[in-house]
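Hello,

Here is the structure we talked about handing over. Please look through it first; my notes on what was found follow below.

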Amino acid sequence: MLLASPDVRVLAITISPGALNSGSAYKKVKSLLNSYYHNGLPVGINRNAGFRSPSFQLAERGIWGSEENIDDKMAPDSKTVISHVLSAEKTKISFICLGGMSTAAEAINEIPEFSTQVKEIIWSS
């Protein structure tokens, strides 16, 4: 929905484990973005999140798009993606969390620009 909104400009997506492990979630999100011609949107993985998702077969079997040639091992770290976006974007941004807040917490603690560039954190789980 956010990608289709004329009032929202999505700058990047970060993945952390939830219903899927972060590698599977990365593949599904990248395949969905590719299916809707958003394949240039940066996607990073939070590999440090403490939560380890249990096997959720229904979510694993879901097809979001073609996962061919999508390698989660080659995905950038979420902090790298966030740092790049913050250095390229000159206006203050809203950081939207659609699940846990582990990525936002890491960014607050480890990316100095996060505190000055992010005007708000919107959380919906």
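A residue counts as exposed when its relative accessible area is over 50%, and as buried when that value is under 20%. Keep in mind that this is a predicted model.

By that cut-off glycine 40 is exposed, because its relative accessibility is 71%. Glycine 40 sits in the loop that runs between helix 1 and strand 2. From glycine 40 to lysine 30 the C-alpha to C-alpha distance is 9.7 Å, with the two 10 residues apart in sequence.

Serine 31 is a case from the other end of the scale. Serine 31 belongs to helix 1 and has a relative accessible area of 1%, so it is buried. Its side chain reaches the backbone oxygen of lysine 28 at 2.8 Å. Beyond its neighbours within four places in sequence, serine 31 is in contact with Trp64, Gly65, Ser66, Glu67 and Ile70.

The largest nonpolar core has 12 residues: Ile15, Leu20, Ala25, Tyr26, Val29, Leu33, Leu41, Val43, Ile45, Ala59, Ile70 and Ala75. Two or more of these residues come from each of helix 1 and strand 2 (43-45), and the largest share, four residues, is from helix 1.

The largest pocket has a volume of about 1500 Å³. Its lining consists of 47 residues, and those closest to the pocket centre are Ala12, Ile13, Thr14, Ile96 and Leu98. Which elements supply at least two residues each to this lining? They are listed here:

- strand 1 (13-15) and helix 1 (22-35)
- helix 3 (78-88) and strand 3 (93-97)
- helix 4 (102-110) and strand 4 (118-123)

Strand 3 gives the largest share of the lining, five residues. Sorted by class, the lining of the largest pocket contains 32 nonpolar, 11 polar and four charged residues.

Regards

Methods
Residues numbered from 1 in each chain as written. Predicted model: local features only at pLDDT ≥ 70, side-chain atom pairs only at ≥ 80, totals over all residues. Heavy atoms only, no water. 1 Å grid on protein atoms, 1.4 Å probe; cavity = no way out; pocket = protein on both sides within 12 Å on 5 of 7 lines; lining within 4 Å. Points joined across faces, edges and corners; volume = space filled by probe spheres on them. Nonpolar A, V, L, I, M, F, W, Y, C, P; charged D, E, K, R; others polar. Core = buried A, V, L, I, M, F, W, Y, C linked by side-chain atoms within 4.5 Å. Buried < 20%, exposed > 50% of the residue type's maximum accessible area, 1.4 Å probe, protein only. Polar contact = N/O pair within 3.5 Å; in protein donor to acceptor, adjacent residues only side chain to side chain. Contact = heavy atoms within 4.5 Å.
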